[in-house]
Amino acid sequence: MSTRGTNFLDLWIRNNVPETVGADVTTVSELTYKLFADAKAVGISSAEIEEDTVSAYNTILDAIVHHDAG
């Protein structure tokens, strides 16, 4: 993943994945769609975000499942 893509994804997850969100398929799909729309708005392609990840969907799901409220 490019540094720009990595930084965007990290910041985006911290700002957009609510602590109370459930890990259901619809929610994760909607968040993935929003991630790519937000990235596109600032000139970052989905390919740039997903270069080194299995998928953005899996990354978001992992962030939800492994969220540490502390």
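Helix axes are described here as lines fitted to C-alpha atoms, for helices over the stretch in contact, with angles running from 0 to 180 degrees between N-to-C directions; the helices themselves are DSSP runs (H or I, at least four residues), numbered from the N terminus. The structure is a predicted model, in which local features need pLDDT of at least 70 and side-chain atom pairs count only at pLDDT 80 or more, whereas totals for chains, interfaces and linings use all residues. Residues are numbered from 1 along each chain as its sequence is written, and side-chain values use heavy atoms, with hydrogens and water left out.

On this basis, H1 and H2 pack at an angle of about 130 degrees, and their axes are 11 Å apart. H1 is therefore oblique to H2, given that angles under 35 degrees count as roughly parallel, over 145 as roughly antiparallel, 65 to 115 as roughly perpendicular and the rest as oblique. The crossing of H1 and H2 is right-handed, a term used where the near helix is turned clockwise from the far one by less than a right angle, anticlockwise being left-handed. Contact, meaning heavy atoms within 4.5 Å, is made between Phe8, Leu9, Trp12 and Asn16 of H1 and Leu31, Lys34, Leu35, Asp38 and Ala39 of H2.

H2 also packs against H4, at an angle of about 120 degrees and with the axes 9 Å apart. This angle makes H2 oblique to H4, and the crossing of H2 and H4 is right-handed. On the H2 side the residues that meet H4 are Val25, Val28, Ser29, Leu31, Thr32, Leu35 and Phe36, and their counterparts in H4 are Ala56, Tyr57, Ile60, Leu61 and Ile64.

The largest nonpolar core has 14 residues, and those with the most contacts inside it are Phe8, Trp12, Val17, Leu35, Ile49 and Ile60. Such a core is a set of buried Ala, Val, Leu, Ile, Met, Phe, Trp, Tyr and Cys residues joined through side-chain atoms within 4.5 Å, where buried means under 20% relative accessible area, exposed over 50% and partly exposed in between (1.4 Å probe, protein chains only). Phenylalanine 8, when its neighbours within four places in sequence are left aside, is in contact with Leu35, Asp38, Ala39, Val42, Ile44 and Ile49.

Valine 42, in the loop between H2 and H3, is exposed, with a relative accessible area of 52%. Beyond its neighbours within four places in sequence, valine 42 is in contact with Arg4 and Phe8. Its C-alpha atom is separated by 20 Å from that of threonine 53, which is 11 residues away along the chain.

Threonine 32, which has its place in helix H2, is buried, with a relative accessible area of 10%. The side chain of threonine 32 reaches the backbone oxygen of valine 28 at 2.8 Å, and, neighbours within four places in sequence aside, threonine 32 is in contact with Ala56, Tyr57 and Ile60. Tyrosine 33, also placed in helix H2, counts as exposed at 65% relative accessibility, and its C-alpha atom is separated by 13 Å from that of isoleucine 13, 20 residues apart along the chain. Alanine 37 lies in helix H2 and counts as partly exposed at 36% relative accessibility; alanine 37 and serine 55 are 18 residues apart in sequence and 15 Å apart in space, C-alpha to C-alpha.

Conventions
Helix = DSSP H or I, 4+ residues; strand = E, 2+ residues; numbered from the N terminus. Polar contact = N/O pair within 3.5 Å; in protein donor to acceptor, adjacent residues only side chain to side chain.
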